[in-house]
Amino acid sequence: MKKFLSLALAMTMCLSLAACSNNPDSSKSSASSGSSSGSDSRMFAVEAGSAGEAVAIEKGFEINSVNSQASALMEVQAGTSDAAIIDSLMAGAMVGEGTSYPDLKISDEKLTDGELYGVGCRKGSDLASFINSVMGEAYASGKMEELAKEYGVQNALITQEPSEYEAAAENSDVEYIRSKGTLVVAITEFAPMDYKNDKGEWVGFDADMAKLVAEKLGVEIQFMVIDWDRKLEELDSKNVDVLWNGMTMTDAILENTECSNAYCNNTQVIVTK
């Protein structure tokens, strides 16, 4: 699966680099005004607007901002940047033996303590409780760990305790979804969590867990690619029912959504040659 995942992303990454080379949003700059992080003079490729870019800015690194984490890896491979800062989950799927980048390596340098991933539902929604019950059951049966190993995220998986579904007394999102017969899942293409296989089907750790929830609800599943910056508007307007795409449980997300229990602990890592 790891090798297939790398091959599945290869064409996307090539297109990303081509776009990046002509993209006015791609820029090399100092990450801070006048400050630098010790004697580290490396150029770090980072995705613009990402957690990796935020870490680089905080540490005063010199950065090359590109349009995706895939492009950041290609910058390192091409030698146009010394290192990349990307999600550990993507690094695990894309870097090392059996991947598209067998000659790149993940550094032992620790940049962050971790970012908890959760599933976002509408504020007050009982769907979050339902998802927690499914994840607890899937973890106890070994299904969740099996999927995590299939997509290479087992080291980030968080133990899920048994959880009983608590239905809302009124305005139940679970019943609303069952009545319309479809669970609409908001995503972006973010391997190994959500991406298309060679048949054009959405797969990945998050995608497969969402399919399991839809199965337990007794409804069909629909994946909808959205502008992630507008995710809260899409959710509140009921264009989508859930945000499930390796979503970091930030203060803003916790304040504006009903979040599931955290299920993965992601970190920012440095990738070098």
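The legends below accompany close-up views of a predicted model.

**View A. An edge-to-face aromatic pair between F130 and Y165.**
A search of the whole structure finds four aromatic pairs, and the one formed by F130 and Y165 has its ring centres 5.3 Å apart, with 80 degrees between the planes. Because F130 belongs to helix α5 (residues 127–141) while Y165 sits in the loop between α6 (143–150) and α7 (173–180), the pair ties together parts that are 35 residues apart in sequence. F130 is buried, with a relative accessibility of 7%, whereas Y165 is partly exposed, its relative accessible area being 24%.

**View B. A tilted aromatic pair between F205 and Y263.**
The ring centres of F205 and Y263 lie 6.2 Å apart and the planes meet at 40 degrees, so the pair is classed as tilted. This pair links distant parts of the chain, since F205 is in helix α8 (residues 205–217) and Y263 is in the loop between β12 (258–259) and β13 (264–266), 58 residues apart. F205 counts as buried at 0% relative accessibility, and Y263 counts as buried at 1%.

**View C. K238 over the face of the Y176 ring.**
K238 is placed over the face of the aromatic ring of Y176, at 4.2 Å from the ring centre.

**View D. Strand β11 and its pairing with β6 and β7.**
Strand β11 (residues 242–248) is largely enclosed by the rest of the structure, because six of its seven residues are buried. Three bridges join β11 to strand β6 (residues 115–121), and these two strands run antiparallel; two bridges join β11 to strand β7 (residues 182–187), and here the strands run parallel.

**View E. The buried face and the two ends of helix α7.**
Within α7, the residues D173, V174 and I177 are buried. Seen down the helix axis, the buried residues of α7 fall within an arc of 105 degrees, so they line one face of the helix. An α-helix has 3.6 residues a turn, so residues three or four places apart point the same way. The buried residues of α7 pack against α5, β7 and α8. At the N-terminal end, S172 caps α7, with a side-chain oxygen lying 3.3 Å from the backbone nitrogen of V174, and just after α7, G181 takes a positive phi of about 80 degrees.

Note on methods
Residues are numbered from 1 along each chain as its sequence is written. This is a predicted model: local features need pLDDT of at least 70, side-chain atom pairs count only at pLDDT 80 or more; totals for chains, interfaces and linings use all residues. Side-chain values use heavy atoms; hydrogens and water are left out. Rings of Phe, Tyr and Trp (its six-membered ring) pair if their centres lie within 6.5 Å; planes under 30 degrees apart count as stacked, over 60 as edge-to-face and the rest as tilted. Helices (H or I, at least four residues) and strands (E, at least two) are DSSP runs, numbered from the N terminus. Buried means under 20% relative accessible area, exposed over 50%, partly exposed in between (1.4 Å probe, protein chains only). A charge sits over a ring if NZ of Lys or CZ of Arg is within 6 Å of the ring centre and within 35 degrees of the ring normal. Two strands pair if DSSP finds at least two bridges between them. The arc is that of the directions from the helix axis to the C-beta atoms. Contact means heavy atoms within 4.5 Å. A polar contact is a pair of N or O atoms within 3.5 Å; within protein, one must be able to donate a hydrogen and the other to accept it, and residues adjacent in sequence count only if both atoms are side-chain atoms.
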